[in-house]
Structure formats: C-alpha cells, structure tokens
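I am opening a notebook on a structure that is new to me, and I will write down what I look up as I go. The entries are in the order in which I took up each topic.

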Amino acid sequence: MKLYRSYITILFVVLFAGILACSNENSEITPELTVSLENMTVSSSENTKTFYINSNIDWTIDISETWCSVSPQSGSSGNTTVVVSLEENNLFEERSVVIGIQGGELNRQVQVQQEKAYLLTVASNEIDISNEGGEVSVHLQTSEAFEVLINCDWITKKTLKTLKDSSEVYVVEANTTYIPREGEITYTLNDISEVITVNQEGNNPSIPEDITGVESDAETLAAKMIVGWNVGNSLEVPGGETLWGNPKINQDLIDGVKDAGFNAIRIPCAWDSYIIDEETYQISEEWLTRVKEVVDYCYNSDLYAIINIHWDGGWLEEHPLYSYQDEVNKKQYALWIQIATFFRDYDEHLLFAGTNEVRENYNTPTTENIEVQESYVQTFVDAVRATGGKNAYRNLVVQTYNTNIDHGINLNTMPTDAVENRLILEVHYYDPYEFTIKTDDGYNTQWGQDYTDVSDWGQEDYLEAQFQKLKTKYIDNDIPVIIGEYSAMLRGDMSTEAQAKHEESRNYYHAKINEVAESMGITTFYWDNGYTTKNASGLFNRSTGEPVHSSAIEAIINVYK
C-alpha cells in the first residue's frame with residue numbers, strides 16, 4: 001500500500017513539471033533597455049560624468065573616440081551606473097562622440113558634447129612706467145575675442161587686436177602728483193581672467209645731490225646742538241596755530257629763547273589739516289610758507305631747528321596697524337616729498353624728524369605695532385632722500401616706538417639709509433609719570449633723594465640707568481641720541497613753603513636730566529607748551545620772549561656753562 005502511494009506522488013510531480021515547462025515555452029519575454037539621459041554636455045576640463053542603464057537583458061557599449069571611455073563596457077539585467085571618463089579638450093573647437101548601447105535587437109545612444117578650450121595668457125602681469133607716462137604694450141595670446149576693463153581714467157586703450165598672438169597698446173597719462181599710483185587692466189574670456197597691474201612712479205622733483213652746507217655727519221651735528229627747547233602747542237595744532245590758546249610764534253620769542261641760552265629749537269608741526277587735495281595730499285602753499293617763517297626765525301637767531309610730523313590729529317601717530325599701513329605710508333611719503341622739497345635748500349641747521357610718538361596704545365607693542373611703526377619711519381627716510389640736493393645728506397631724526405627708551409633698547413631697528421651716519425635717534429623722557437604729567441589724584445610734587453613727596457620709582461638711579469642704556473646701545477655705536485621732549489609740569493595750590501619745595505625739586509629734576517644727558521653725549525629738548533600757570537610747562541612769555549620762570553631756565557642752562 002505504501003509503495004502504491006509513492007508511485008502516485010511521483011506521477012503527480014512529473015505531470016506538474018511538464019505543465020510548467022509547456023507554460024514557459026508558450027510565454028513571451030519583453031526586452032527592456034533604457035538610459036537615464038540621451039545628451040551630455042561637459043566642459044573642456046571636466047574629468048568624469050555618469051549615466052544609468054536599466055535593463056532585463058545583456059548589453060554592451062561601443063564608443064569610437066579614444067578621448068572618451070566608459071566603465072563598465074557591458075552588463076546584464078538590473079540598474080547599472082556607467083562612468084564616462086573624458087580627457088581635457090585642448091582644442092579651440094567643440095568635439096562630440098556617440099556612446100552606443102546595444103542589447104539584443106535594442107539600441108540606445110548617449111550624445112556627448114565637449115566644450116572647446118579657451119586661451120587667454122599674458123606675457124607679464126606687471127608693468128612699470130615713469131611718472132612721465134607714455135605708451136605701454138600688453139602682449140597676450142588668445143583664442144578669440146575677450147573683454148577688457150580698466151579701473152582708472154589715466155590709462156586708455158589705443159589699439160585692440162584679438163588675434164591668437166596679439167598686442168594691445170595703452171596710453172598712460174603723466175603723473176603730476178608726488179604719489180605713486182597703481183592701475184589695473186583686466187582681461188576676461190569665458191571663465192578665464194588675467195589682471196595686468198600698471199605701476200606708475202610719482203612726480204619726484206629730484207635734483208642732483210649737493211653736500212654744500214650739510215657736511216656734518218650725525219655725530220658732529222648732534223654735538224653742535226648743545227641744548228634744545230620745544231615751541232609746543234603752536235604749529236602742531238590741527239587747523240590753526242592759535243586754536244590752543246598760544247599766540248602766533250614771532251621773532252621776539254625765538255630771540256628770547258636764544259638769549260636764555262638754548263641753541264636748538266624743535267618745531268612740532270601739523271600737516272594733515274592743511275592738505276588741500278585729499279587725492280594727492282597736496283599741502284597748502286600758505287601753510288608751508290608759515291612753517292618756513294618760523295624756521296627762518298630760528299635761522300635769524302643762528303639756531304638749529306627740527307621740524308616734524310607731530311600728533312597731527314592722530315592719522316599717523318595712533319595707527320601702527322597693518323590695516324592702516326599702506327594708506328598711511330602713502331600719505332607719509334607724499335607729505336615728506338613736499339616738505340623736503342620746499343626746504344631742500346636749507347643748510348644743516350635744519351633737520352627733519354619723521355614722526356612723533358607713534359603707538360597703538362601704551363602697552364608693550366606687538367610685532368605688528370613695531371613693523372608698521374618702523375615702516376612709517378623708513379618711508380620718511382626714503383622720501384627725503386629721494387628729493388636730492390642737500391636732502392641727500394641732511395641729518396634726519398628717527399623715533400623709537402612711542403619714543404620709549406625701553407622699546408628703543410629692546411625692539412628698535414634703525415632704518416636703512418642711502419648715506420652713512422646721517423641718522424639721529426629720538427626718545428622722550430617723562431619719568432616718573434606721577435611727578436611729571438599726572439594731573440588726577442595721586443601725583444607727587446617733588447622728585448629726588450633729598451625730597452619727601454616722591455614716587456616710589458623713577459628717581460636718580462633710574463634716570464642714570466635709562467640714559468646709560470641709550471649710550472651703550474646707540475651713542476657707543478656712533479648713533480647720536482636726542483631727548484626730543486622732557487619736562488615736569490609746574491604744580492600749584494600749595495602753601496608757600498610747599499610751593500617753594502616743589503619748584504626747587506622741579507628745577508633739580510630738569511638740571512639732573514641735563515647733567516646726566518650731557519655726561520653721556522645726549523642732547524635734550526625741553527617741552528614748553530606755552531602756558532606758564534599750574535599744570536603747565538611754559539618757561540617764556542610767548543608774545544615777548546621774556547622769561548617767566550627764570551629759575552627753571554637757569555637750572556637747565558647752567559649745566560652747560
């Protein structure tokens with residue numbers, strides 16, 4: 001019985017398999033072969049693209065160009081990603097290829113269009129031209145016409161060619177300003193750009209070098225300036241000499257300073273507020289003439305004179321930062337070209353000082369602060385020397401960062417100069433601050449070892465040590481030093497006895513500074529701000545030149561008798 005059932009089971013299996021076989025032989029299969037796109041556009045530099053093949057049959061790919069290949073080149077049913085690899089098209093015309101896909105009797109195509117190459121190259125991206133201007137040529141190669149953009153109105157196009165090897169000629173106008181300028185010519189073709197920078201010199205009125213009357217080197221000249229004085233808060237006042245309360249400088253004042261025993265005068269100057277053309281930084285002729293009048297007062301009294309760029313609103317003095325560096329140096333150069341040219345014929349009695357107390361703040365300077373501050377000094381030296389004549393040899397005064405002694409010792413690098421031994425270093429001395437210029441609570445009225453109301457630092461030993469640092473680093477290495485400013489303001493509102501002690505101590509302070517400086521070969525310039533009352537440092541009547549604080553003057557001058 002069991003055997004019979006097994007035969008029956010086998011019979012059913014065979015019959016079912018036969019029915020299935022007959023069914024498959026009679027059914028029809030519909031071939032499928034589709035592609036995800038029919039057209040493909042690629043750039044001349046594009047490396048790969050992709051498309052997709054969906055099929056239920058086997059397929060192969062045929063392609064006729066070697067610059068285009070595919071992977072895989074064959075496949076079977078399913079969804080397949082095909083990677084198209086393309087070589088860069090270096091031809092200046094488009095090219096195309098057909099990717100053929102065949103599966104059984106089905107054929108599909110993908111049309112590949114590759115963009116042409118574009119050529120735009122220039123022989124040089126920099127052109128230098130003198131201030132006189134003229135024609136300049138730009139040599140270039142291009143595959144077709146291009147666009148040109150000029151970013152300034154002093155460069156104009158003379159000719160235009162768009163051949164494969166071509167030149168364009170431009171006309172550059174003369175630069176009548178003192179400032180070098182920069183223009184750009186930009187070529188654009190498709191997504192290619194080339195920029196030509198045109199650098200034009202400023203109109204530098206240089207004349208042949210002349211050493212007549214400026215024979216003394218820096219050490220010799222510094223030794224001739226025995227003791228100096230500042231006519232402060234006058235010509236450096238932005239916008240007007242008298243706006244800070246002092247009368248106009250006159251010959252009587254300068255004569256009075258000379259009669260008191262000073263033989264050198266530092267003349268702080270403003271220039272920014274006397275610019276009449278902000279694009280060229282042209283200084284008012286009237287203002288240059290006024291500064292000349294004051295310099296001539298000094299010459300009339302046989303005094304040495306130093307003119308500088310002082311605080312001047314802070315445009316230079318308060319910005320030793322990379323973000324300001326280029327623009328400040330541009331103005332610094334333009335101003336000193338004009339100042340130096342205007343005073344070029346003066347003999348060695350006239351010195352130029354490039355800056356004043358350049359600083360970002362009163363903290364220890366950063367590397368950025370030092371680099372930028374020193375660039376302002378270097379620009380000053382370069383501008384003066386570029387004017388030629390006596391300025392090729394004139395002695396120049398250069399400053400440390402914030403005219404600080406310690407920064408000068410630790411961080412300062414002297415600028416390079418076209419002539420040897422013609423630079424004098426300038427620092428200022430207002431230590432201790434609590435005695436010299438502090439005006440709010442906590443100031444001291446006395447200074448020195450024999451007095452009581454003194455600060456806990458900055459006394460005689462400190463003064464001597466600071467000046468010794470200057471001697472060791474600079475004077476002993478043939479670089480003369482001046483103390484461009486020093487003073488302790490006059491205090492008031494004290495008893496008669498206390499006032500007397502204060503003035504006695506103050507005179508001692510001024511005398512000690514000059515005593516130590518003179519012993520080390522340093523020249524000093526007293527800071528006189530013109531006001532002779534409390535919290536001021538004036539010594540003379542600014543209108544008449546008569547001494548107001550004779551004992552203070554004598555404390556300074558007696559050191560040199």
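Is Pro415 buried or exposed? I looked this up as my starting point, keeping in mind that the model is predicted, and I found that Pro415 counts as buried because its relative accessibility is 14%, which falls under the 20% cut-off.

**Entry on Pro415.** I then asked where this proline sits, and I placed Pro415 in the loop between α7 (405-410) and β25 (423-429). I also looked up its distance to Gln399, which is 16 residues apart from Pro415 along the chain, and noted that the two C-alpha atoms are separated by 10.0 Å.

**Entry on Ile150.** For Ile150 and Val195, which are 45 residues apart along the chain, I recorded a separation of 9.8 Å between the C-alpha atoms.

**Entry on cysteines.** How many disulfides does the structure hold? I found 0 disulfides, and I reminded myself that a disulfide is a covalent bond between the sulfur atoms of two cysteines. I looked at Cys269 in particular, and its sulfur is 10 Å from the closest cysteine sulfur, in Cys298, so the two are too far apart for a bond, given that a disulfide needs sulfur atoms within 2.5 Å. Cys269 counts as buried, at 0% relative accessibility, and I noted that Cys68 is buried as well, with a relative accessible area of 2%.

**Entry on salt bridges.** How many salt bridges does the structure hold? I recorded 20 salt bridges, and I wrote up some of them, including the one in which the side chains of Lys116 and Glu144 meet at 3.2 Å, N to O. Lys116 lies in the loop between β9 (106-114) and β10 (120-122), while Glu144 lies in the loop between β12 (134-142) and β13 (147-150), so this pair ties together parts that are 28 residues apart in sequence. I found Lys116 to be partly exposed, at 22% relative accessibility, and Glu144 to be partly exposed too, with a relative accessible area of 26%.

I then followed the salt bridge between the side chains of Glu241 and Arg290, with a distance of 2.9 Å, N to O. Why does this pair tie together parts that are 49 residues apart in sequence? I saw that Glu241 lies in the loop between β18 (228-231) and α3 (251-260), whereas Arg290 lies in helix α4 (residues 285-300), so the pair ties together those parts. I noted that Glu241 counts as buried at 7% relative accessibility, and that Arg290 counts as buried at 8%. I also wrote down that Glu241, Arg290 and Glu293 are linked in a network of salt bridges.

One further salt bridge that I looked up joins the side chains of Asp476 and Lys471, at 2.8 Å, N to O. Here I recorded Asp476 as partly exposed, with a relative accessible area of 41%, and Lys471 as partly exposed, at 23% relative accessibility.

How values were computed
Residues numbered from 1 in each chain as written. Predicted model: local features only at pLDDT ≥ 70, side-chain atom pairs only at ≥ 80, totals over all residues. Heavy atoms only, no water. Buried < 20%, exposed > 50% of the residue type's maximum accessible area, 1.4 Å probe, protein only. Helix = DSSP H or I, 4+ residues; strand = E, 2+ residues; numbered from the N terminus. Salt bridge = Lys/Arg side-chain N within 4 Å of Asp/Glu carboxyl O.
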